[in-house]
Amino acid sequence: MRAALSVDWTLCDARGLCAEMLPEVIEADEWGYPLLRNNGTVPFELEKQARATVELCPLLALRLSVPAEVPAQRR
Ligand code: SF4
């Protein structure tokens, strides 16, 4: 599993900053609200950028869920 972004719509005010920061994952709709591509799944190479985008959301409306690593089984 990969990291995924989600939006708290009760907090977002549609300023569109996130879509400018991470256009590979987020696009803005005609009102500026973020639309998540591919259900918000973040490619591994964009995780650092996704974290920065979450931190820069002025209303703390973005969340990045990172799946816990499954420990390797002992042989
Ligand atoms: S940066 Fe935050 S408040 Fe602005 S559009 Fe994105 S989720 Fe909404």
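In α2, the residues Glu47, Ala50, Thr53 and Val54 are buried (under 20% relative accessible area with a 1.4 Å probe, protein chains only; exposed means over 50%, partly exposed in between). Viewed down the axis of α2, these buried residues fall within an arc of 115°, so they line one face of the helix; the arc is that of the directions from the helix axis to the C-beta atoms. An α-helix has 3.6 residues a turn, so residues three or four places apart point the same way. Lys48 and Glu55, on the other side of α2, are exposed.

This is a predicted model, in which local features need pLDDT of at least 70 and side-chain atom pairs count only at pLDDT 80 or more, while totals for chains, interfaces and linings use all residues. Residues are numbered from 1 along each chain as its sequence is written, and side-chain values use heavy atoms, with hydrogens and water left out.

What do the buried residues of α2 pack against? Their partners are β1 (4–7), α1, β2 (26–28) and β4 (62–65), with contact meaning heavy atoms within 4.5 Å. Helices (H or I, at least four residues) and strands (E, at least two) are DSSP runs, numbered from the N terminus.

Now take a closer look at Thr53, which sits in helix α2 (residues 47–56). Thr53 is buried, with a relative accessible area of 2%. Beyond its neighbours within four places in sequence, Thr53 is in contact with Cys18, Met21, Leu22, Ile26 and Leu62. A polar atom of the Thr53 side chain also lies 2.8 Å from the backbone oxygen of Gln49.

Key
A polar contact is a pair of N or O atoms within 3.5 Å; within protein, one must be able to donate a hydrogen and the other to accept it, and residues adjacent in sequence count only if both atoms are side-chain atoms.
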